[in-house]
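Visitor: Please take me through the strand pairing in this model, close up. Then show me what packs around it.

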Amino acid sequence: MRIKKLFYIPVICIGILSSCLDDENLDLKNFPINQPEILVQGSNDDKNVVATYLSDGTLKLDAPLTRTYVFRFKASPEDMTVNFEPICSNIPAEKVVLSTSEVLLTAGETDAVVTVSLKDDDFNFAASTLEKEIYILGVKANAKGFNMGEESAESKITIEKEAYCVAVSLHGENQNSVSFDRTFVDGSIEEQEPIVYNFKVMLDKPANKDIAIQILTEGIAEKYLGNVTVTPNKIVIPAGQTSSEEVTWTITNDFLLEDAMPATFLINLKLGIETEDTTVKKEGENSISITVMKKMLNMGAVDVLPQEWNMINKKDCSAIELSKFSGDGSILFDSLTGGNASLYCSSWNLPASFVVDMKNLHILKGK
């Protein structure tokens with residue numbers, strides 16, 4: 001019995017040694033460098049955000065700045081520690097908020113998650129920078145553990161902020177377009193009241209300094225510009241405001257008396273801008289178009305036809321474009337019509353007009 005005990009002892013020892021050799025054959029030194037894949041949740045991988053100014057001077061972003069980043073590692077046989085640091089260019093570090101500064105991944109865990117945002121989700125600190133600017137916001141991850149890469153992993157977004165620029169424009173009725181009719185009768189204008197148009201000068205966002213406005217009138221002879229009145233005569237939009245008080249532009253009818261011919265006048269009102277604020281565009285965004293149509297009303301009844309009229313061959317003459325008239329226009333050619341032919345216009349439809357086509361050039365002397 002004693003001999004059997006000695007025989008079995010070496011066999012047991014061999015088994016123990018064999019088990020230790022199996023463990024030593026695990027080739028852990030060839031485990032790949034554990035550099036993470038970075039995923040961004042809920043952003044469609046959009047890494048560019050644009051910031052534009054609203055009418056009140058605040059900034060609007062076309063996408064949220066808050067991002068949740070997932071640093072996905074390969075499963076490791078050992079625990080690892082992931083430390084996070086914010087990435088912020090042109091953004092004060094105290095305004096950047098990380099949901100965590102450190103994540104411990106136990107062996108086999110793969111995802112270290114961190115959310116990056118701005119304090120109170122407020123980007124308006126950038127509104128005071130009037131020039132165009134680029135901002136960077138993101139996070140950097142440094143991992144320590146088995147076979148980790150030495151380089152930090154990082155992900156970030158770029159925020160492009162537009163320059164603060166103030167546009168000045170005119171705002172009147174009918175989309176800044178209006179038409180006036182004036183009737184010329186016996187050397188004067190039948191409508192005695194002047195031509196008047198009301199509007200305001202508007203800014204698309206507040207300026208930082210006062211803006212002085214001039215209204216420039218184009219389309220009439222310079223000698224009649226003295227008949228133009230702008231009220232108030234001094235237009236100022238104070239800093240921080242976006243509108244002038246109502247402006248009244250007025251011109252008398254004198255420019256219509258230059259001659260006794262019908263005419264159409266196209267008048268444009270444009271802006272003259274004076275300010276020390278460099279963010280204000282020096283040219284106005286638009287203008288006001290005023291059309292003045294000068295019509296003639298020089299018809300009247302005569303007892304005796306002029307001799308020159310009787311000498312004209314009116315066989316091929318015709319009356320066309322009868323505006324507000326009814327009846328037979330050919331009665332205008334005296335003996336060419338007979339019976340009860342007539343041409344008439346009701347007084348409440350005046351002024352009215354028609355065109356006489358004489359076919360040839362004739363010279364008549366009127367009284």
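Guide: Start with the rule: two strands pair if DSSP finds at least two bridges between them. Strands themselves are DSSP runs of type E with at least two residues, and helices are H or I runs of at least four, both numbered from the N terminus. The model is predicted: local features need pLDDT of at least 70, side-chain atom pairs count only at pLDDT 80 or more, and totals for chains, interfaces and linings use all residues. Residues are numbered from 1 along each chain as its sequence is written, and side-chain values use heavy atoms, without hydrogens or water.

Strand S5 (residues 80–89) runs antiparallel to S7, with four bridges between them. Thr-81 faces Leu-104 in S7 across this pairing. S7 spans residues 102–105. Its covered face carries Val-103 and Leu-105. Glu-102 and Leu-104 sit on the uncovered face. In a regular strand, side chains alternate between the two faces of the sheet.

Now the open sheet. Four strands build it, in the order S11-S14-S18-S16, with antiparallel pairing. Strand S11 (168–172) and strand S16 (228–231) are the edges, each pairing on one side only. From one strand to the next, the twist averages 30°; such angles run from 0 to 180 degrees between N-to-C directions of lines fitted to C-alpha atoms.

Look inside that sheet. S14 (residues 195–203) and S18 (residues 247–251) are antiparallel and share five bridges. Asn-198 has Thr-248 of S18 as its bridge partner. Strands of a sheet pair through backbone hydrogen bonds.

Stay in S18, where Thr-250 is found. Thr-250 counts as buried because its relative accessibility is 17%; buried means under 20% relative accessible area, exposed over 50%, and partly exposed in between, with a 1.4 Å probe and protein chains only. Thr-250 touches Pro-194, Ile-195, Val-196, Asn-227, Val-228 and Thr-229, leaving out residues up to four places away in sequence. A contact is a pair of heavy atoms within 4.5 Å.

Cys-317 is buried because its relative accessible area is 11%. Cys-345, at 23%, is partly exposed.

Helix H2 (residues 307–311) contains Asn-310. This asparagine is partly exposed, at 47% relative accessible area. Its C-alpha atom is 9.6 Å from that of Phe-333, which lies 23 residues away along the chain.

Finally, step back. The chain has two helices and 24 strands. Of its 367 residues, 32% count as buried. Among contacts with a separation of 6 or more, 72% join residues 24 or more positions apart.
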